[in-house]
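Please look through the briefing below with the model open beside you, taking one topic at a time.

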Amino acid sequence: MANDYTAESYGEALADIYDLMYPDTPDAHDAGKFLADLAGHGGSVLELGVGTGRIAVHTASHGVRVHGVDASQSMLDKLHKNNPNTTVTTEKLDFITQSTGRKFDVVAVPLSTFFAASTPTAQLNVMKLMKEQLSAGGTIVLEGFDPTDYHAQRTPKTETLPLADGRLQINTTFVDRIRQLLIVDHVTIGPEGAYNQAKEIVRYVFPTEMDMMALSQGLNVTARYGDWKRSPLTASSLRHVSLYKNLEHR
């Protein structure tokens with residue numbers, strides 16, 4: 001694992017082009033409605049790894065209070081620059097090791113951001129911190145991609161992503177199957193040859209491992225869907241949206 005890789009490295013390196021990598025989509029709107037419905041009108045949602053607010057802004061538009069945390073100040077600055085009238089409040093905070101010290105009706109980690117905790121110990125700590133920030137009767141929501149294809153990958157894989165502003169991103173993914181790590185080198189090339197390079201390190205887990213981590217912290221899975229529209233989870237689903245409750249408050 002890169003010794004110079006820190007919690008804020010990814011966001012600081014990619015904040016300028018993050019919205020080009022992950023543009024606003026109907027799926028983000030669906031996620032916002034899903035989270036707002038869970039919180040209920042006037043309820044509260046904490047989004048961990050809020051980034052530039054692609055989901056948080058839609059969640060807040062449904063009349064709930066949304067607080068977003070991120071380790072990257074550049075990401076948070078972009079959120080407020082892009083959405084100057086949003087009611088989303090933000091805080092620079094590393095959700096892997098730090099807590100807001102507050103309680104929320106919904107604690108959400110969309111876009112597989114839970115995997116940014118790149119060791120089993122770190123992931124267990126995220127579970128612990130999420131539980132601590134959950135109101136009585138509240139719900140934790142975790143979105144995760146299906147890692148099956150990555151886990152079978154034995155050699156580096158390179159893909160290209162044309163960005164809307166004319167730049168080209170080249171992404172090379174290396175898989176450490178023993179530690180369940182994805183190490184992704186993002187190289188973005190501009191029209192005049194200028195380029196930006198960034199690294200991303202995540203630890204993928206399968207749903208069963210995620211459930212065991214949750215259970216060890218007193219959390220129980222109560223529902224699992226194939227997307228934010230609550231479609232059934234099937235063998236062909238490429239991701240899951242999983243809901244957890246505190247065993248003490250069921």
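Strand β6 (residues 157-162) and β7 run antiparallel and are joined by six bridges, where strands are DSSP runs of E with at least two residues, numbered from the N terminus, and two strands pair if DSSP finds at least two bridges between them. This is a predicted model, in which local features need pLDDT of at least 70 and side-chain atom pairs count only at pLDDT 80 or more, while totals for chains, interfaces and linings use all residues. Residues are numbered from 1 along each chain as its sequence is written, and side-chain values use heavy atoms, with hydrogens and water left out.

**The hairpin**
- Within the pair, Thr158 stands opposite Thr172 in β7.
- Five residues lie between the strands of this hairpin, and Gly166 takes a positive phi near 100° there.

**Leu168**
- Leu168 belongs to strand β7, which covers residues 168-176.
- Because its relative accessibility is 32%, Leu168 counts as partly exposed, a class that lies between buried (under 20% relative accessible area) and exposed (over 50%), with a 1.4 Å probe and protein chains only.

**Helix α8**
- In helix α8 (residues 207-216), the buried residues are Met210, Asp211, Met213 and Ala214; helices are DSSP runs of H or I with at least four residues.
- Seen down the axis of α8, these buried residues fall within an arc of 160°, so they line one face of the helix; the arc is that of the directions from the helix axis to the C-beta atoms.
- Thr208 and Met212, on the other side of α8, are exposed.
- After α8 comes Gly218, which has a positive phi near 80°.
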